[in-house]
Amino acid sequence: MFQNLINYPIESPLLKWESKIVVRDHNREARLYLRLKLTGTIFPIFNSIPFVRVGAAKSRYVDIAEDGLSVRAYFDMAIPDNGAVTFGYDDHVLLRFPVAYQGRHVARLDNERLPKHLRYQDRLFEQAIV
């Protein structure tokens with residue numbers, strides 16, 4: 001809609017992200033994910049598949065909050081430092097976040113409190129594809 005009037009991807013200083021390591025159930029098994037929470041606009045729920053990319057890394061899952069005020073994107077791989085954070089639907093990038101991803105800003109879990117089979121969060125920070 002209005003493709004000729006709006007330049008995509010839209011970039012705005014209102015768009016923010018925060019990140020942390022979380023435990024999420026996958027096929028009845030706990031796994032670690034790097035989660036990016038996106039805020040700063042209304043994220044509508046369409047009959048299209050939302051995605052988040054950081055550089056060449058694409059999220060495994062994306063959940064849009066019921067009120068549309070945030071998106072939670074889950075990555076099960078390392079994502080590149082200084083990668084552009086983008087959001088869109090299907091194959092169309094609609095938003096670009098002005099601050100590039102930095103792994104040093106990720107809130108990590110306390111390894112001592114995790115079960116032994118989940119003590120691999122450092123793998124989510126190994127050299128990522130660029």
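Which ring does the charged end of Arg24 sit over, with 4.5 Å to its centre? That ring belongs to Tyr74.

## What you're looking at

This is a predicted model, so local features need pLDDT of at least 70, side-chain atom pairs count only at pLDDT 80 or more, and totals for chains, interfaces and linings use all residues. Residues are numbered from 1 along each chain as its sequence is written, and side-chain values use heavy atoms, leaving out hydrogens and water.

## Overall build

The chain has 9 strands and 0 helices; here helices (H or I, at least four residues) and strands (E, at least two) are DSSP runs, numbered from the N terminus. Read from the N terminus, the order is simply β-β-β-β-β-β-β-β-β. The radius of gyration is 15 Å, close to the 14 Å that the globule rule gives for 130 residues, so the chain is as compact as a globular protein of that length. (That radius is taken over C-alpha atoms, and the rule is 2.2 Å times the number of residues to the power 0.38.)

Along its principal axes, the C-alpha trace spans about 55 × 30 × 20 Å. Of the 130 residues, 38% are buried, where buried means under 20% relative accessible area, exposed over 50%, and partly exposed in between (1.4 Å probe, protein chains only). Take the contacts (heavy atoms within 4.5 Å) between residues at least 6 apart in sequence: 60% of them join residues at least 24 apart.

## The core

The largest nonpolar core holds 28 residues, and Leu36, Leu38, Val52 and Phe87 have the most contacts inside it. A core of this kind is a set of buried Ala, Val, Leu, Ile, Met, Phe, Trp, Tyr and Cys residues joined through side-chain atoms within 4.5 Å. Strands E2 (16-26), E3 (29-39), E4 (50-54), E6 (61-64), E7 (70-75) and E8 (85-89) each supply at least two of its residues. E3 gives the most, with 4 residues.

Phe87 is buried at 2% relative accessibility. Leaving aside residues up to four places away in sequence, Phe87 touches a list of residues including Leu38, Phe43, Val52, Ile64, Val71 and Phe97.

## Aromatic pairs

A search of the whole structure turns up 6 aromatic pairs. Rings of Phe, Tyr and Trp (its six-membered ring) pair if their centres lie within 6.5 Å; planes under 30 degrees apart count as stacked, over 60 as edge-to-face and the rest as tilted. Trp17 and Tyr101 have ring centres 5.6 Å apart and planes at 35°, so that pair is tilted. It links distant parts of the chain, with Trp17 in strand E2 and Tyr101 in the segment after strand E9 (92-96), 84 residues apart. Both are buried: Trp17 has a relative accessible area of 14%, and Tyr101 has 0%.

Phe87 turns up again here, in an edge-to-face pair with Tyr89 at 5.1 Å centre to centre and 80° between the planes. Tyr89 is buried too, at 6% relative accessibility. Ring pairs link Phe43, Phe46, Phe87 and Tyr89 into a cluster.

The criterion is NZ of Lys or CZ of Arg within 6 Å of the ring centre and within 35 degrees of the ring normal.

E6 pairs with E7 in the antiparallel sense over 4 bridges; pairing takes at least two DSSP bridges between the strands. Val62 stands opposite Ala73 in E7. The hairpin has 5 residues between the strands, and Gly68 takes a positive phi near 75° in it.
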